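Subject: Structure handover

Hi,

Here is the structure I promised to pass on. Please open it alongside this email.

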Amino acid sequence: MTNQPNDLPVAIIGAGPVGLAAAANLIERGLVPLIFESGHQAGASIRNWGHVRLFSPWRHNIDPASRRLLEPTGWTEPRLSSLPYGAELVEHYLEPLATLPAIRNALHTSTTVTAVSRAGMDKTHSRGRDERPFLVRTETEDGTVEDHRVRAVIDASGTWAQPNPLGQAGLPAPGEAEATARGLITEPLPDVTGADRARFSGKHVLVIGAGHSAANTLISLGQLAKNEPGTRISWAVRGSDTSGLYGGGGLDGLPARGQLGTRLRKLLEDGHIDVHTSFTTTGFSTGDLLAVTGATPEGETTLEVDVLIPATGFRPDLGILREIRLELDPAVEAPRTLGPLIDPEFHSCGTVPAHGAKELAHPDKDFYIAGMKSYGRAPTFLLATGYEQVRSIVAAIAGDMAAAGQVHLELPETGVCSTDLGGTCDAPSEASEPGDAAGSCCAAPEPVLIGIPTGLAHGRSGAE
């Protein structure tokens, strides 16, 4: 090797909030980041759901190291109590951060990481492994392939590009790929009442999934149906009922969550949504309409719809890490030590203890997965958690093990978690109407949110 590992940059995969926070922490410690982003701009995944309002206010969405880099530039901090839309998170925070010279010069957009390995050896070789630099292979849009030697790797690429399949047993249903290719199955979280309105107006739309993204999408479709005659809404869930999404209504300790449940319940009671419970998708066939076949207790059922919106969550893409020695929890595909702490069968994001480099480490020294991807298939992630992850990780890479071990995280006591938004647990509330607490930019001192309370010792609703 011509370079000593400690003289090399640190690779960051992904230029979302957590990836840029990792870069900011590296810069503060005098280390050199090398950032690869497959999208055309920083925050590419968030731009896909820019119409969605986050649950958590600005004060929980700004990384401390990033703030310290921005403040000397004249950057104006948003009102910390307000709840930003995804587009505002990009415009008022990620874009100014990405244009700072120290980050801009390190950022390679439209560049996809296709593999990570150790320079000169595959995963079967052990002797001297920790002393070898990492090799990160990238490919640009024009097909140029390049290998980069780096001292450490932080994979903060998220899960947005890897939605869960709609079929049973974690597998795509027969015909699912063709239906998606034909545009009959949409991307998650479409802008139903905005940019994507024409795609759903006057159509029979099926939503599959029972998380809060599904609830918000259904409410948005309900708003669309009021103004667009002929718009029909169907909803299919695997559970036996949908009551887990209704919350406590007016008695709910989280007002916006109660409003979400109340509005969803009213849509159902008024007959605006045709609900299919205990529905397991087994196949798709395409023609003039999309035929969705499902197994139910009463036997096989087929729903014919114009378009389907998936709301079934996300999972990590581990393919690029095939030559890295990973140690993953067998259930949620998170780092093995972290897995039991975040398993959504038992935890919401507020019950997850603070964690850092120690819990996120893998057998390959100085390789880390951070951010939403570090949670694997668990959906209960908060941006604030990711910021603390990368602060600790960067301290460990810099050799400051004392700082790396001093992890702490102050989560709002009344905060909540998404159950299916890939990229962040700060889940959407885009369906809020003017006057609703969830839709107001003026939040109370603690965030007014919808979802599962952080104080509960579980993470999934029974309807999922």
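Below is what I found, part by part.

One caution before the details: this is a predicted model.

**The parallel sheet**

Start with the open sheet of five strands. The order is β3-β2-β1-β7-β15, and the pairing is parallel. β3 (107-108) and β15 (367-369) stand at the edges. Each has a single partner strand, so one side of each is left without a neighbour in the sheet. β7 and β15 run parallel and are joined by three bridges. For a landmark there, find I154: its bridge partner in β15 is Y368.

**The nonpolar cores**

I154 also turns up in the largest nonpolar core, which has 59 residues. I154 is one of those with the most contacts inside this core, along with L20, I35, Y93, I393 and I397. Several elements supply at least two residues each: β1 (10-13), α1 (17-28), α4 (86-98), β7 (152-155), α11 (357-360), α12 (383-397) and α13 (401-405). The largest share comes from α12, with eight residues.

What surrounds I35, leaving aside its neighbours within four places in sequence? I35 is in contact with I12, G14, A15, L20, A23, I103, A106, L107 and H108.

Another core lies apart from the largest one. This other core has 21 residues, among them V192, L218, L264 and V307.

**Helix packing**

Next, look at α1 and α12. Their axes come within 9 Å and cross at roughly 35 degrees. The crossing is right-handed. On the α1 side, the residues that meet α12 are P17, V18, A21, A22, N25 and L26. On the α12 side, they are L383, G386, Y387, V390, R391 and V394.

**The β4, β5 and β6 strands**

β4 (residues 111-118) and β5 (residues 134-140) pair in the antiparallel sense, over seven bridges. β5 is also joined to β6 (residues 145-150), by six bridges, and these two run antiparallel. T138 in β5 is a handy reference point. V113 stands opposite T138, and T138 stands opposite E146 in β6. The hairpin of β5 and β6 has four residues between the strands. In that hairpin, G143 takes a positive phi near 90 degrees.

**The β11, β12 and β13 sheet**

There is also an open sheet of three strands, in the order β11-β12-β13, with antiparallel pairing. Its edge strands are β11 (280-286) and β13 (299-305), and each pairs on one side only. Neighbouring strands of this sheet are turned by 25 degrees against each other on average, direction ignored. Six bridges pair β11 with β12 (residues 290-296) in the antiparallel sense. Among the residue pairs, T280 has A295 in β12 as its bridge partner.

H204 sits in strand β8 (residues 204-208). Is H204 buried or exposed? Its relative accessible area is 8%, and the cut-off for buried is under 20%, so H204 counts as buried.

The H204 side chain has two polar partners to look at. One is the side chain of S234, in a polar contact at 2.8 Å. The other is the backbone oxygen of E304, which lies 3.1 Å from a polar atom of the H204 side chain. Beyond its neighbours within four places in sequence, H204 is in contact with R232, I233, S234, E304, V305, D306 and V307. V307 is also among the residues of the 21-residue core.

**G202**

G202 lies in the loop between α7 (197-200) and β8. At 38% relative accessibility, G202 counts as partly exposed. Leaving aside its neighbours within four places in sequence, G202 is in contact with E228, P229, G230 and T231. A225 is 23 residues away along the chain, and its C-alpha atom is separated from that of G202 by 7.7 Å.

**S82**

Last stop: S82, in the loop between α3 (64-70) and α4. S82 is buried, with a relative accessible area of 9%. Its side chain reaches the backbone oxygen of R79 at 2.8 Å.

Best wishes

Conventions
Residues numbered from 1 in each chain as written. Predicted model: local features only at pLDDT ≥ 70, side-chain atom pairs only at ≥ 80, totals over all residues. Heavy atoms only, no water. Buried < 20%, exposed > 50% of the residue type's maximum accessible area, 1.4 Å probe, protein only. Polar contact = N/O pair within 3.5 Å; in protein donor to acceptor, adjacent residues only side chain to side chain. Contact = heavy atoms within 4.5 Å. Core = buried A, V, L, I, M, F, W, Y, C linked by side-chain atoms within 4.5 Å. Pairing = 2+ DSSP bridges. Axes fitted to C-alpha atoms, helices over the stretch in contact; angles between N-to-C directions. Left-handed = near helix turned anticlockwise from the far one by under 90°.
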